[in-house]
Amino acid sequence: MKIAIIGTGYVGLVTAVCFADMGHTVVGTDVVPEKIDKASRGIPHIYEPGLEELLKKNLKKGNLTFIHDLDEAIRSSDVLFVSVNTPQWKDGSADMVYVEGVARRIAENLNSYKVIVEKSTVPVKTSMWIKRTIDMHKKKDEEFDVASNPEFLREGSAVYDFLNPDRVVIGVESERARDILVKIYQKFKDRLLVTNIDTAELIKHASNSFLALKISYINLISELCEKTEADVELVARGMGLDPRIGGQFLKAGLGYGGSCFPKDIRALTRIGEDLGVNFDLLKESDKVNLRRIDVFMDKIKKALWIMKDKIIAVWGLSFKPETDDIREAPSIKVIKRLLKGGASLRLYDPKAMENVKQVFPEKSSQVYYAKSPYEAAEKANALLIITDWDEFKKLDMKKIKKLMANPIILDGRNIYEPSRIRELGFEYYSIGRE
Ligand code: UDX
Ligand code: UDX
């Protein structure tokens, strides 16, 4: 059985490499030629811990290839995983134009029975559209099945998550497709959940929206903590000790970013509206999340009064640690507002700076990309922490204090213990605690 991965972005590349590592024969393809060229040479176009080693290892083994030709990838494979992006449309719904395009190409190249698997996050009922599209455009009377196998990978630990899943959800409507997918995931047979396709599609949107809701909830609680003597870190710990709640995804901060939560919560809201189910609950989560940036900007203004001509160090640009991904990253929104206020910025991130340079070019007189967190802190009137990279927790903060013009820290992720950092002489503001 040969597997094709169509769209080797964050999800597709990890999926291709991990399937190969599980012993399958895999071909990856993508419309962006450089991604294929790089992958073929063993260089991922993204930063993801462990990915490069695994890519190199499996290229060498010979059961993983990358090709430009989508038609060839389709024709030569039995199972096609579709992991093209599903961007947000103006009204919040998922734009399925790429998925539809791929479905048409599959139809044109259908030369034997194939299973077409939705890996991208898609609205419930998408499989019906894919099926209809392939039926309408197929040139040969070959049989096929559509299936859903949503990904639950977290960027930054995607390889680990793929190879150690909590659950593998498979949505099918035929025994034939079911048997094939169960065989592919044989290794995780104790964690398989086989459902119908609508259910599998919905599990993904329902899970991501629920996690986003959990984050917005604790962020809302953090606003309350700031108006009282309560400490959000301890409130979260106290809540999380109840196994019915669980401690994960209760970290208050600058809100959720990334390619999934902001988009998925809006998409599920739209799906609900289209099907007559009111999801204002999720709209509120979105509002709370957007407000996180306002709340943080107010703190910066309170600490600095006037932004114009201030030098501000910014640590952490990726939307979360251990990735170079800046899609919907809070850093971008914060930086835009600081620049508008007339501040000069000294930016640092362990992995995401090249991506941020595409948004805020290096030649701008207001933006400087520092080589280290120490260099970023030089002569700064304040230091902002936007992403909780581990690196920032291990620095010599006495040295940082000496480097700064004014030792003011605005910590958007609560990475320091307030009393300890204040002992060093910093003015310290964090989220939802004194
Ligand atoms: C994934 C899921 O697919 C998406 O549904 C989810 O909401 C977010 O996570 P991701 O892998 O992060 O998307 O997106 P991206 O890195 O943009 O990867 C998509 C890839 O598909 C890109 O490399 C793009 O070049 C490729 N693509 C897109 C194609 O090969 N063909 C197309 O027609 C469109
Ligand atoms: C998410 C889902 O976790 C994953 O299952 C799905 O397949 C894709 O979407 P990802 O977006 O990569 O993964 O990262 P995640 O770790 O979920 O974090 C998302 C955002 O929420 C980040 O911006 C992160 O900083 C934020 N977050 C997370 C919080 O603000 N607080 C938390 O407690 C957890």
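Quick housekeeping: residues count from 1 along each chain as its sequence is written, chains are lettered from A and ligands numbered from 1 in the order they are written. Since the model is predicted, local features need pLDDT of at least 70 and side-chain atom pairs count only at pLDDT 80 or more, while totals for chains, interfaces and linings use all residues, and side-chain values use heavy atoms, with hydrogens and water left out.

Okay, ligand 1. It's surrounded by 20 residues, where that means a heavy atom within 4 Å. The closest are Val11, Asp30, Lys35, Thr86 and Lys263. For polar contacts, meaning N or O pairs within 3.5 Å, the Lys35 side chain puts an N or O atom 2.7 Å from a ligand 1 oxygen.

Now ligand 2, with 19 residues around it. Here the backbone of Glu155 has an N or O atom 2.7 Å from a ligand oxygen, and Phe152 does likewise at 2.9 Å. Cover is 91% of the 660 Å² that ligand 2 has on its own. Which helix gives the most to this shell? That's α9, residues 197-226, with three residues; helices here are DSSP runs of H or I, at least four residues long.

On to salt bridges: a side-chain nitrogen of Lys or Arg within 4 Å of a carboxyl oxygen of Asp or Glu. The whole structure has 33. Glu155 turns up again, paired with Arg327 at 3.4 Å, N to O. These two sit in separate loops, 172 residues apart. Buried or exposed, what is Glu155? Buried, because its relative accessibility is 11%, and buried means under 20%, exposed over 50%, partly exposed in between, with a 1.4 Å probe and protein chains only. Arg327 is partly exposed at 35%.

Compare Arg270 and Asp274, with closest N and O atoms 3.3 Å apart. They're four residues apart in helix α11 (residues 261-274), so about one helical turn separates them. Asp274 is exposed at 55%, and Arg270 is partly exposed at 23%.

Last pair: Asp294 and Arg337 meet at 2.8 Å, N to O. They link helix α12 (residues 280-304) to helix α13, 43 residues apart.

Terms used
A polar contact is a pair of N or O atoms within 3.5 Å; within protein, one must be able to donate a hydrogen and the other to accept it, and residues adjacent in sequence count only if both atoms are side-chain atoms. Accessible areas come from the Shrake-Rupley method with a 1.4 Å probe; for residues, only the protein chains shown count as cover.
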